[in-house]
Amino acid sequence: MKHYIRLSNAPIDFLNACKKLYEEKFCNYNFDIKMSKFHYSTDLSDEDHNYLNKYLPEPSDHSSWNLITNAGPPHPAHIDRGRKAALQVPIVANSSDHFCYVLKDESFFDALTPQESSGFMNKLDTKWSNERYPGMPMFYKFEEQYFDINNIKAYEPYINDTSIPHGGIHTNEHSNRFFFSISIPAKKEIQELKGIFSKWIGKD
């Protein structure tokens, strides 16, 4: 897939660090950032961020802890304001209920239908640097034929391109999903990241 990497061979030390951080600090966390009525987030402290960062082959400049709840069918696909790619680490997830999707190819951009945000709130200090032209929409209607769809498994990280339309699907709206989202700095393409994270990629 052009804009997605499944990391089924992530180092056990990194996964254990994520589990330890979750169990000790985030298991019953009260979120302080409401991205939408479906998405809640909190930025990791420097201490917690650095605790995870030391395991990464590509150091990160920002990490967050996130909850997707009561989500149901796919809402508008969205583009992140600043980062080009993100390492997502599902902690609480159900592979039969939870899926992620990302645009198959940038040539499909013109076929997408812009859509309202459904109340999505951006972090106010994030610059809209992924804007490709003035007034470019940030949200698009989800139309399955234009997207690669993958199931989400607990403790199986993945990387997706966040500078193009992407999002999540919950087939059971009562099934919550919790994950660490680790920003990958600079504007690195997915093909380059496949080399950087080559040891994390399994044989499947």
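This is a predicted model: local features need pLDDT of at least 70, side-chain atom pairs count only at pLDDT 80 or more; totals for chains, interfaces and linings use all residues.
I started with Ala85, which stands opposite Asp161 in β10.

Next I looked at how the two strands run. β6 and β10 (residues 158-161) are antiparallel, and 4 bridges join them. Strands in a sheet pair through backbone hydrogen bonds, parallel or antiparallel.

Then I zoomed out to the sheet. I found an open sheet of 7 strands, with antiparallel pairing, in the order β1-β10-β6-β12-β4-β3-β2. Which strands stand at the edges? They are β1 (4-6) and β2 (33-34); each has a single partner strand, so one side of each has no neighbour in the sheet.

Back to β6, where I picked out Gln88. Is Gln88 buried or exposed? It counts as buried, because its relative accessibility is 8%, and the cut-off for buried is under 20%. I checked what its side chain does: it makes a polar contact with the side chain of Ser181, at 2.7 Å. Beyond its close sequence neighbours (within four places), Gln88 also touches other residues, including Arg83, Tyr158 and Phe180.

Now the helix. I saw α1 lying across β3 (39-43), β4, β6 and β12, at about 65 degrees to β6.

Last stop, the core. The largest nonpolar core has 28 residues, and Phe14, Leu52, Leu87, Ile159 and Phe180 have the most contacts inside it. Which element gives the largest share? That's α1, with 7 residues. I followed Phe14 and, skipping residues up to four places away in sequence, found it touching Leu52, Leu87, Ile182 and Trp200, among others. I also noted a second, separate core of 18 residues, with Tyr4 and Tyr140 among them.

Key. Residues are numbered from 1 along each chain as its sequence is written. Side-chain values use heavy atoms; hydrogens and water are left out. A nonpolar core is a set of buried Ala, Val, Leu, Ile, Met, Phe, Trp, Tyr and Cys residues joined through side-chain atoms within 4.5 Å. Buried means under 20% relative accessible area, exposed over 50%, partly exposed in between (1.4 Å probe, protein chains only). Contact means heavy atoms within 4.5 Å. A polar contact is a pair of N or O atoms within 3.5 Å; within protein, one must be able to donate a hydrogen and the other to accept it, and residues adjacent in sequence count only if both atoms are side-chain atoms. Two strands pair if DSSP finds at least two bridges between them. Axes are lines fitted to C-alpha atoms, for helices over the stretch in contact, and angles run from 0 to 180 degrees between N-to-C directions.
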